[in-house]
Amino acid sequence: MTGNDILYLVIPCYNEEAVLRETAKQLLAKMNSMFERGMISRESKIMFVNDGSKDKTWEIIEELHASNPIYSGVKLSRNKGHQNALLAGLMTAKEKADITISLDADLQDDVDVIDQMVEKYQEGNDIVYGVRSARTTDTFFKKFTAQGFYKLMQAMGVEIVYNHADYRLMSKRALEGLAEFKEVNLFLRGIVPLIGYKSDTVTYERHERFAGESKYPLKKMLAFATDGITSFSIKPIRLITAFGILIFAISILMLLYSLVVHFMGKTVAGWTSMIISIWAIGGLQLLAIGIVGEYIGKIYLETKERPKYIIETVLDE
């Protein structure tokens, strides 16, 4: 844990041509600063992972690599999603790096805390999480949904670091531990805490996006949350069981009520209550089938054991 440690910055990229050159410039300045202070080895690299971009992202990565060998590139054969692209970069970097730091390409992650992460690693931590100190740049809706996401994940029993995305440092040993997880349905924010090595956090304020558009609109965020919950918790299925028991208990009470009313000779119209009951129970059944279907779908994908990504090209000389 000295200044001889090789650091790889791993940055997944999808249609990031608008920000990539500025990101590369800022990361190079940060690396040069750390070189001068003897914090890391001069063999350290900045690795961009092209996740099947449709714009000129890969061409820019090739230009950067040709201009300075500190820039490294990994090109996936097709778009596989942020989590798979990040894993591809980490697993590629694992072969040469002592430590990796993953961050987004949009300059929202504060690069100035990279030094603090490395210092925490040098103090003996294998994993260092970047945690947002505030959400002042978020809209009310974004803040509300993001905080709701973390609280829901924790309520579902998922071990997750609050206000942490994928800005984190991992040692070589931690990456080797990560490689032991074989699941196809990736949710790294939930997997990494399961590795179990000594960890710490650093706080930072997330900046406004420098340019381009967010790659996580509401639809993708909801899908991400669903993947996270169903990949790490069976509480939704237990909630279905609890609902089933509750509805069964209510049906017994309604049966007793109906018998009492019948023997008392009272006529009950019951049309409204019957229709409401049919719709309510039908809706709950469809919801239950959908939730169970999510788990079955994940089992289906896991049993196929399809590759999480296929690397087409690596620029790392």
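I began with helix 7 (residues 188–195), which is mostly covered, since 7 of its 8 residues are buried, where helices are DSSP runs of H or I with at least four residues, strands are runs of E with at least two, and both are numbered from the N terminus. Buried means under 20% relative accessible area, with exposed over 50% and partly exposed in between, for a 1.4 Å probe and protein chains only. I listed the buried residues of helix 7 as Leu 188, Arg 189, Gly 190, Ile 191, Val 192, Pro 193 and Ile 195. Just after helix 7, I found Gly 196 with a positive phi of about 90°.

I note that this is a predicted model, in which local features need pLDDT of at least 70 and side-chain atom pairs count only at pLDDT 80 or more, while totals for chains, interfaces and linings use all residues. Residues are numbered from 1 along each chain as its sequence is written, and side-chain values use heavy atoms, with hydrogens and water left out.

Of its 37 residues, Leu 7, Leu 9, Ile 11, Phe 48, Ile 101, Ile 114 and Val 118 touch the most other members. The elements that each supply at least two residues of this core include strand 1 (7–13), strand 2 (45–50), helix 2 (57–67) and helix 4, while the largest share, 7 residues, comes from helix 1. A second, separate core has 28 residues, among them Leu 86, Ala 93, Val 161 and Leu 186.

I then turned to helix 1 (residues 20–36) and helix 4 (residues 114–122), whose axes come within 11 Å and cross at roughly 45°; axes are lines fitted to C-alpha atoms, for helices over the stretch in contact, and angles run from 0 to 180 degrees between N-to-C directions. That makes helix 1 oblique to helix 4, as angles under 35 degrees count as roughly parallel, over 145 as roughly antiparallel, 65 to 115 as roughly perpendicular and the rest as oblique. Leu 27, Lys 30 and Met 34 in helix 1 meet Ile 114, Asp 115 and Val 118 in helix 4, contact being heavy atoms within 4.5 Å.

Last, I checked Tyr 309, in the loop between helix 10 (271–304) and strand 8 (311–315). Tyr 309 and Asp 51 are 258 residues apart in sequence and 9.5 Å apart in space, C-alpha to C-alpha.

Terms used: A nonpolar core is a set of buried Ala, Val, Leu, Ile, Met, Phe, Trp, Tyr and Cys residues joined through side-chain atoms within 4.5 Å.
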